[in-house]
Amino acid sequence: MSTHVTFAVAVNSMDLFKNNFLASPCFQVPHNHQILVQENFSSAAKAYNDAISRSVNDLIVFAHQDVSFPKPWLSQLEHSLDLLEATDPKWGVLGCYGETLNDNGRGHVYSPGRGVLGMPFEHPMPVQTLDEIVLVLRKSSNLKFDERLPHFHLYGADICLAAAKRGMKSYAISAFCIHNSQQNLVLPKEFYQCYKHFKRAWKECLPIQTTCIRISRSNFPLYMRRVQEAYLRHIRRKEVGATRLKSVRELLEQFEATSQGLVNCSATSEFGAVHQSQ
């Protein structure tokens, strides 16, 4: 990639970071990209605003510590940027997976327990919100994360709505990555604290579709989610749907060796659970 990029990663497990993000094939060749390791922050917003201030490049990629990028990822990102330069040079936020309000998700990612979501596509697709696994923005856009938002949830949706408020669109791009996450079927209490703040902050924009839950004025999706979680916790006694892969490198090699990528297990949008990397 001809453009230098700053990668910012909020890290609370150096083992996860080294065995996933730093092990990404796209970093195994000499490069001049900046990698900022953001440790000991109380929230993603604070970690990433600090990264924005320290970035030496205009283009910034925010990624989970358990994300791995195949060799083609940077070239796929550059291709999407070239397309947007012709159609929407004032774009706001990009990501590898996002949600529309009423027309399902857009993107192309792999996650244990879910398999492949989506399939390759050409042009960046407008979305209402983006999943936090990968977010891309430009320092020159002057977008900032809301530091009143606690913990490490819903900051992707929040930054997309902040961009929309300033007339900038958010897009899912076809840049395949692997999110080597544990699939938690029951959301932690921190998520619901973020939910309350997020709904209050964006009440004029409701309903809002995120990759975890639909946020509405009635809170009906929230109530249904809590009932489902009570069933999983107390009746089925099953709170984890899938665990992390032992060898993400093997899966990456499999993807890169196959011209069409991994088998398309699902073209629908529902992540349905928090991607546990914090």
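**Exercise 1.** Determine the strand order of the open seven-stranded sheet and identify its edges.

*Solution.* Step 1: the order is β2-β1-β3-β11-β5-β12-β9, and the pairing is mixed. Step 2: β2 (34-39) and β9 (125-127) each have a single partner strand, so one side of each lacks a neighbour in the sheet. Step 3: neighbouring strands are turned by 25° against each other on average, direction ignored. Here helices (H or I, at least four residues) and strands (E, at least two) are DSSP runs numbered from the N terminus, and two strands pair if DSSP finds at least two bridges between them.

The model is predicted: local features need pLDDT of at least 70 and side-chain atom pairs pLDDT 80 or more, while totals for chains, interfaces and linings use all residues. Residues are numbered from 1 along each chain as its sequence is written, and side-chain values use heavy atoms, without hydrogens and water.

**Exercise 2.** Describe how β1 pairs with β2, and which helices pack on the sheet.

*Solution.* Step 1: β1 (residues 5-11) and β2 run parallel and are joined by six bridges; Val-11 has Glu-39 of β2 as its bridge partner. Step 2: α2 (residues 44-54) lies across β1, β2, β3 (59-63) and β11 (134-138), at about 145° to β2. Step 3: α4 (residues 155-165) touches β5 (93-95), β11 and β12 (170-172), and its direction makes about 30° with that of β11. Contact means heavy atoms within 4.5 Å; axes are lines fitted to C-alpha atoms, for helices over the stretch in contact, with angles from 0 to 180 degrees between N-to-C directions.

**Exercise 3.** Which residues of α6 are buried, and what do they pack against?

*Solution.* Step 1: Leu-222, Arg-225, Glu-229 and Leu-232 are buried in α6. Step 2: they cover an arc of only 85° around the axis (taken from the directions from the helix axis to the C-beta atoms), which puts them on the same side of α6. Step 3: the buried residues of α6 pack against α5 (189-201).

Definitions and conventions. Buried < 20%, exposed > 50% of the residue type's maximum accessible area, 1.4 Å probe, protein only.
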